[in-house]
Amino acid sequence: MTLPQASSEAARIDTLFYFMLALSTVVCVGVLIAIVWLGIKYRRGSPADRGGREQRDLGLEAAWTLIPLLLFIAIFVWSVKLWAELRTPPAQAQTIYVVARQWMWKVQHVNGQREINTLHVPLGRPIQLVMTSQDVIHSFYVPAFRVKQDVLPDRYTSLWFSPTRAGEYELFCAEYCGTEHSHMHGRVVVQTPAAYADWLQSHARQGMAAQGAALYRAMGCSGCHEDGASVRAPDLRGIAGRSVALADGSIQVADDGYLRDAILLPRKHIVAGYQPIMPSYQGRLDPEDVLALIAYLKQSGDAAADPEPRNP
Amino acid sequence: MSQTPPSYLQEGQRLRDWLVTRDHKRIAILYAVAITGFFILGGIAAMLIRLELITPRGDLMSAQLYNKTFTFHGVVMVWFFLIPSIPNTLGNFLLPLMIGARDVAFPRLNLASWYIYMGGGVFTLVCLVAGGVDTGWTFYTPFSTMFSNTHVILVASGVFVVGFSSILTGINFIATIHTMRVRGMTWFRLPLFVWSMYGVSLVMVLATPVLAMTLALIMLERLAGVGIFDPALGGDPLLFQHLFWFYSHPAVYIMILPSMGVVSELITASARRRIFGYRFMVYSILGIAVLGFFVWGHHMFVSGQSMYASMLFSILSFIIAVPSAVKVFNWVATLHKGQIVFDAAMIYALGFVGLFMLGGLTGLFLAATALDVSLTDTYFVVAHFHYIMVGGAVMAYLGGIHFWWPKVTGRMYPEIWARIAAAMMFFGFNLTFFPQFLLGADGMPRRYHEYPDRFQLLNVLSSAGASILAVAYALPLCYLLWSLRHGAPAPDNPWEARGLEWQTRSPPPKHNFVEPPQVDRDSPYAYEDA
């Protein structure tokens, strides 16, 4: 492979890759040698001894059933441990939001910057991407980081990586998404923390939570969800991350996906003790707006009077 | 010798006699002619794709035309060539002969399945050529249901119809194997080719209805706006992938199990050797057929499916590799103490073993979730499944065509040309597809009309290989057709093989056997007694 190893997991994934490559090479060469050797020795009419021609050997067959099986299980264990790490972002990961559409990547940083087909990240810091699509399924693929995750229109999916080398890396769409699929590419720019801070400064904008706060009023959310409203609706302060009891008796954690559904598909989860009167905002909010609202809800939780220190 | 009835080819000679025939052998020929046509069309599409990819810029076709071309290639090759290839040609011809029967259990149903296949096939072909579809053969939602402006409904309905031909063939084979074996042909005396037909029939009958249902749901959503897969209508796009792969993963085994059967016959005959570990071979055919239904989620490790579901599908995918590994080792062990001759059939069979092994080993990379994350949806996957389906299934199909050609046509083919073609095919195939492993490991995504410059060298190599492969595929077409008129007349058993099909004449009479065939106590591979 000529790919750079530009993330914290890349080298360990490559180790597994090269192990499998070595194993496959040994098996291939072994079988090839066996075929050639047997083919020459037992070519038709050769003088080789063909006595004792039993065509069953339970021991041999058990061996070449069990040895591959055990080997495969070992590889599975190795791979699945790596996989679990790849799927579990570190607690201190910095979140960046990605919205995909035919045929571009739109990136939204927490402090308000937006980019198209480019993603700026700081070196050495775990980054978690929370992604959704505006239309069809896409897939966010950065070969140098060895990460890929499909991006779906009906939910948030996420991936994380921790860049270990400054530079620019290719970003591809890996899931076929229509006519211009092969043009849906961009770049990930990994900068030193100092350069990244400069970049943040030079592109400063209103933060996502502030954008969300403005939307919260403009779209009329506050009319029902704030104290003193005439309509009875759940209090949203500190909602993000809390467990919510639902009318059907189940309990849901109010993660990003839950909040998104609550805004766009309010009938999906009815909070226990409330009437299903919330209108859907499907079609009235862009995916970026929904993300800004969620950022606002998260911040309002942090800002809410909270005497206990929070444990992440 | 009693009176000799005319061969099945000498019975009625008019076109009508062929079009209303109920003879399984003639129906096999009808299928062979049709799938050869589809193979040529799918191959032309492949050549256009490889031509386009010689340069990084999309300078031969528009993006839209390119997308329609790879969809055409996939749809035609999977549903109209690979799935029917061995079962409906070699299987149709050989299954009754190998078990000593006069015909299949339901001859009319057999003919009906050909007409359904042709009806669906020609209809789909017209839609693909006249309008085209740009969804890929996988029809992923919501792109296929709500965003593509091409003729998805028409093509989906064509594939829907062709599915019934698979189901009918499967039912027919199962009934034939259960009820029509000649006296003495017990289950564990069945040739492995018959076992593979049995396994594949089970998969066809159980999996194809799921495809039909899935395609019907797509049509329902596109036509009537019923929300099944489209999230805007309250549907779930991942549901489609689960349903689709629940069919399409077993479909991979529909393509490869028959090849395993063919290769077992070819290697034993060319090595004059009983198959090593007959029962293990039978159990691994059945094991693969059953386990094949439980691994579909390995297509979806990065789709957004639960992390724990992916772990389960990963371990199951490793487990299904075990019976495949056993088969490879047993084929090699069969050579031990044999009388091996490297005729064309054997070159094809050993080529199959090598390419299938490479395809299988790279499948392990993809079964390992952590590696699949970066490799999936790249050219690594394209190379992997072409090693299985083209390197594996097509090599075995052509090997089988050569091996049984004397029986089917009554003529010998030119052996030298056949060896040249087989060797060329092996070389051309590797040159075409091995570079694609490297492209994938380097991060080139699949289904790309244009690509970054750094991928060009390997793409040029791949396209060069494809041109060699095209010549290698054209050769058998030429010399086999030539042999129909000019080939030496074939003896009844030119390879001194042991299957019942070699006990009758070449080509066989209409009802296969003049006298009931004798099943050897050491059937089916009694080579040592020769």
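Colleague: Which residue of β10(A) is the bridge partner of Val121(A)?
Modeller: That's Val190(A). Mind you, this is a predicted model, where local features need pLDDT of at least 70, side-chain atom pairs count only at pLDDT 80 or more, and totals for chains, interfaces and linings use all residues. Residues are numbered from 1 along each chain as its sequence is written, while chains are lettered from A and ligands numbered from 1 in the order in which they are written.

Colleague: What makes β4(A) and β10(A) a pair?
Modeller: Strands (DSSP runs of E, at least two residues, numbered from the N terminus) pair if DSSP finds at least two bridges between them. β4(A) and β10(A), residues 186-191, have five, in the parallel sense, so they count as paired.

Colleague: Why are β4 and β7 of chain A called edge strands?
Modeller: The open sheet has five strands, ordered β4-β10-β9-β6-β7 in chain A, with mixed pairing. β4 (118-122) and β7 each pair on one side only.

Colleague: What makes residues of chain A and chain B count as the contact?
Modeller: Their C-beta atoms, placed from the backbone, must lie within 7 Å. The contact takes 63 residues from chain A and 64 from chain B. On the chain A side, α2(A) gives the largest share, 14 residues.

Methods. Contact = placed C-beta atoms within 7 Å. Helix = DSSP H or I, 4+ residues; strand = E, 2+ residues; numbered from the N terminus.
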